[in-house]
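This report considers a single protein chain, shown below.

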Amino acid sequence: MKSVAVIGASLAGLYAARALRAQGFDGRLVIVGEEHHRPYDRPPLSKDFLTGATADQGQLALADAEEIAELDAEWLLGTRATGLDLHGRTVLLDGGRSLATDGVVLATGATPRRLPGPAPTGTHTLRTLEDAQALRAELTRGPVRVVVIGGGFIGAEVASSCARLGHDVTVVEAAPLPLVPQLGDTMAGICSALHADHGVTLLTGTGVARLHDGGAGNRVTGVELADGRLLPAEVVVIGIGVRPNTAWLEGSGLPLDDGVCCDAGGVTPQPHIVAVGDVARVDGIRAEHWTSATEQAAVAAQNLLAGGTVATHRSLPYFWSDQYGVRIQFAGRRLPTDTPRIVEGSPDDRSFLACYERDGRTTAVLALNRPRPFMRLRRELARATQPVTT
């Protein structure tokens, strides 16, 4: 393999490029990114960058100038991939350009889901640096009424940041309780209580009917709920999940189903094409977590260079979230029937360690503001779930 094109210049794409070089690939390496920025860290966008605690966007960089130089890659930033010719081994780019390559890493990530209908001024999603800059500009002009639509991790983090800046914040969640799929009813209830602890209103069990504006496409003035209530708002943030960026691959022949379908090694049915990060549906699962993206990249790069699946990604799922001064950490594979048990601390203090159990064994671990014991249990759980080799 003499050339590889990495399509996507964010976390997963960068780590794939690093892995290719680390594993001995010395051919032509081209990194294509739709944004104009070199890879940057997205998690701070909903937290410290939004509040201004991290004011310099340079602090978000995932690689310094020396690391970029060591990659010895060609960067095509501000460039959108528009298609993929499997048999011609060519990536089609905007402007009628094309890129011939022996191997391809698909790392195009995901894009925020939006509400149907028009989006008045003052309506935001949060995925890119520009999204965060636009929202931060609105939040630094003085106190406003903010409605966050979606009570998942991103929505909760944005609500936390807005409350920290002194705004009147309401979170709207269509489900009876946020975070139940990730944490289960009991633990989701404890984490959701963080909103009330900090003066944020949480409304659950109702969706959004439409957004109101001042007429003629002016600024947003309110959010009308499905049950008829109208919430006044000067700023609305939509955090109702993301969809993988696969539209450009339609008609390519690659299997697409909530992401690019690939095996446990990130390899598609075309062995010269692998997928990593938010766009990859690895062995039937699409994980939208920072750690998964970095770990998948090394495995996929190894398989790409080998010409087939010689390694698989089997590490323990892990994610974290920072809300209202509380760090939430979770690791493991929880089933809805698993039972959580507090093993240290107290939910009343918003500082505890809990284990999820099934048939007498631990399947997952959750912590609020208990990072050190959490990491210890995470390591133990990872060792316990490793396949036995003989």
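## Surroundings of G13

Leaving aside neighbours within four places in sequence, G13 is in contact with V6, G8 and A107. The model is predicted, and all values below are computed from it. G13 is found in helix α1. With a relative accessible area of 0%, G13 counts as buried, because the cut-off for that class is under 20%. The C-alpha atoms of G13 and G277 are separated by 8.0 Å, although the two residues are 264 residues apart along the chain.

## Packing of α1 against α8

Helix α1 covers residues 11-22 and helix α8 residues 290-306; their axes come within 8 Å and cross at roughly 40°. At that angle, α1 is oblique to α8. The crossing of the two helices is right-handed.

On the α1 side, the contact is made by L11, A12, Y15, A16, A19 and L20. On the α8 side, W290, A293, T294, A297, A298, A301, L304 and L305 take part. By class, the contact of α1 with α8 has 13 nonpolar residues, one polar residue and no charged residues. An α-helix has 3.6 residues a turn, so residues three or four places apart point the same way.

## Nonpolar cores

The largest nonpolar core has 40 residues, of which V146, L183 and L366 touch the most other members. Helix α7 (residues 185-197) supplies the largest share of this core, with five residues. Apart from it lies another core, of 29 residues, with L11, A107, V276 and A293 among them.

Which residues does L183 touch, not counting those up to four places away in sequence? They are A188, C191, F319, F330, R334, Y356 and L366.

## Buried residues of α4

Helix α4 spans residues 129-139, and its buried residues are L129, A132, L135, R136, E138 and L139. The elements that cover these buried residues include the helices α2 (48-51) and α5 (153-164). Strands are also included in this cover, namely β9 (123-124), β10 (145-149) and β16 (235-238).

## Position of E380

Is E380 buried, exposed or partly exposed? Its relative accessibility is 35%, and E380 therefore counts as partly exposed. E380 has its place in helix α9 (residues 371-384). The C-alpha atoms of E380 and G166 are separated by 41 Å, and the two residues lie 214 residues apart along the chain.

Key. Residues are numbered from 1 along each chain as its sequence is written. This is a predicted model: local features need pLDDT of at least 70, side-chain atom pairs count only at pLDDT 80 or more; totals for chains, interfaces and linings use all residues. Side-chain values use heavy atoms; hydrogens and water are left out. A nonpolar core is a set of buried Ala, Val, Leu, Ile, Met, Phe, Trp, Tyr and Cys residues joined through side-chain atoms within 4.5 Å. Buried means under 20% relative accessible area, exposed over 50%, partly exposed in between (1.4 Å probe, protein chains only). Helices (H or I, at least four residues) and strands (E, at least two) are DSSP runs, numbered from the N terminus. Contact means heavy atoms within 4.5 Å. Axes are lines fitted to C-alpha atoms, for helices over the stretch in contact, and angles run from 0 to 180 degrees between N-to-C directions. Angles under 35 degrees count as roughly parallel, over 145 as roughly antiparallel, 65 to 115 as roughly perpendicular and the rest as oblique. A crossing is left-handed if the near helix is turned anticlockwise from the far one by less than a right angle, and right-handed if clockwise. Ala, Val, Leu, Ile, Met, Phe, Trp, Tyr, Cys and Pro count as nonpolar, Asp, Glu, Lys and Arg as charged, and the others, Gly among them, as polar.
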